[in-house]
Amino acid sequence: MRREDQPTRRRLLAALTAGAAVGLSGCDRLSQSPGWLSLLDSAESLTRRAQRLLIGSRQALAPEYGEADISKVFKPNGSVEPDDPDYVAAKQENFANWRLAVDGLVEKPLTLSLAELRQLPARTQITRHDCVEGWSCIGKWTGTPLKELLDRAGLKPNARYIVFHCADTLEQTLDGTGRYYESIDLIDAFHPQTILAYDMNGASLPVEHGAPLRLRVERQLGYKMAKYVMRIEAREEFASLGRGHGGFWEDRGYEWYAGI
Ligand SMILES: Nc1nc2c(c(=O)[nH]1)N[C@H]1C(S)=C(S)[C@@H](COP(=O)(O)O)O[C@H]1N2
Ligand SMILES: [Mo]
């Protein structure tokens, strides 16, 4: 990188360090010069404004709709009836003994039954689901904000990603990487519309849509919305998971960040 190309802030820092090298008195004189101060100030506020814009846009809410907008038929996609033995057994018991695990880089790992999840604060949202294949459907989702779970489990400082491990094997592969999984960063994890939904359109989540629990991460495309979630894991990286790209479809070439 040519020196001229360096971001203003770094150049200012370099100048400041050079100033410090000539001694405290020089540095003092420099920092007292009004021109220098306002220059430093405007660079700082520029960086801050750019950061706020970036983070602000990630925190914006996805549009929400009214009851009348709910699609009469919501297209199921991908796995619709997992035949993995653990899942079949849990379904046969109507998920009475099913437990969600929250573990990994957390202070206090959790296991929660559906009844326990339903006792936690809930959020209902009517949103549009956009599949990368080009179709959209509007549905009403009720569930536990992921934030409620993460606050209770307590993230360790090195946690950077939240991974959702699913019950279904979408592709039979020799290396065993056909299990569906997904991952999101902490901005999406704490987004108010990021919920673990147990109800759809006012009834228990149907099997084809991910019973008993599926992720809704409304600022991203459909494939991020893991169905049949069994385990939520906080991690520092995802390179050592699956084929290393952070999700079943990401491992097959899709973008990790699928923002809409
Ligand atoms: N566990 C799991 N989650 C999944 C899938 C899947 O096959 N398995 N398909 C994804 C895709 S591509 C889409 S579009 C949505 C479909 O959700 P729906 O079946 O409720 O329409 O789920 C996503 N989550
Ligand atoms: Mo999809």
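Here are legends for a few views of a predicted model.

View 1. Out of 260 residues, 42% count as buried, meaning under 20% relative accessible area with a 1.4 Å probe, protein chains only. The accessible surface comes to about 13,700 Å², and carbon and sulfur atoms hold 54% of that; such areas come from the Shrake-Rupley method with a 1.4 Å probe.

**View 2. Ligand 1 and the residues around it.** Here 22 residues surround ligand 1, each with a heavy atom within 4 Å of it. The closest are Lys-75, Ser-79, Asp-168, His-209 and Lys-227.

**View 3. Polar side-chain atoms beside ligand 1.** Look for Asp-168, which puts a polar side-chain atom 2.7 Å from a nitrogen atom of the ligand. On His-209, a side-chain N or O atom is 2.7 Å from an oxygen atom of ligand 1. Arg-214 has a polar side-chain atom 3.0 Å from a ligand oxygen. A polar contact here is a pair of N or O atoms within 3.5 Å. As for cover, the protein takes up 98% of the 530 Å² of accessible area that ligand 1 has on its own.

**Notes on the views.** Residues are numbered from 1 along each chain as its sequence is written, while chains are lettered from A and ligands numbered from 1 in the order in which they are written. In this predicted model, local features need pLDDT of at least 70, side-chain atom pairs count only at pLDDT 80 or more, and totals for chains, interfaces and linings use all residues, while side-chain values use heavy atoms, leaving out hydrogens and water.

Terms used. Buried means under 20% relative accessible area, exposed over 50%, partly exposed in between (1.4 Å probe, protein chains only). A polar contact is a pair of N or O atoms within 3.5 Å; within protein, one must be able to donate a hydrogen and the other to accept it, and residues adjacent in sequence count only if both atoms are side-chain atoms.
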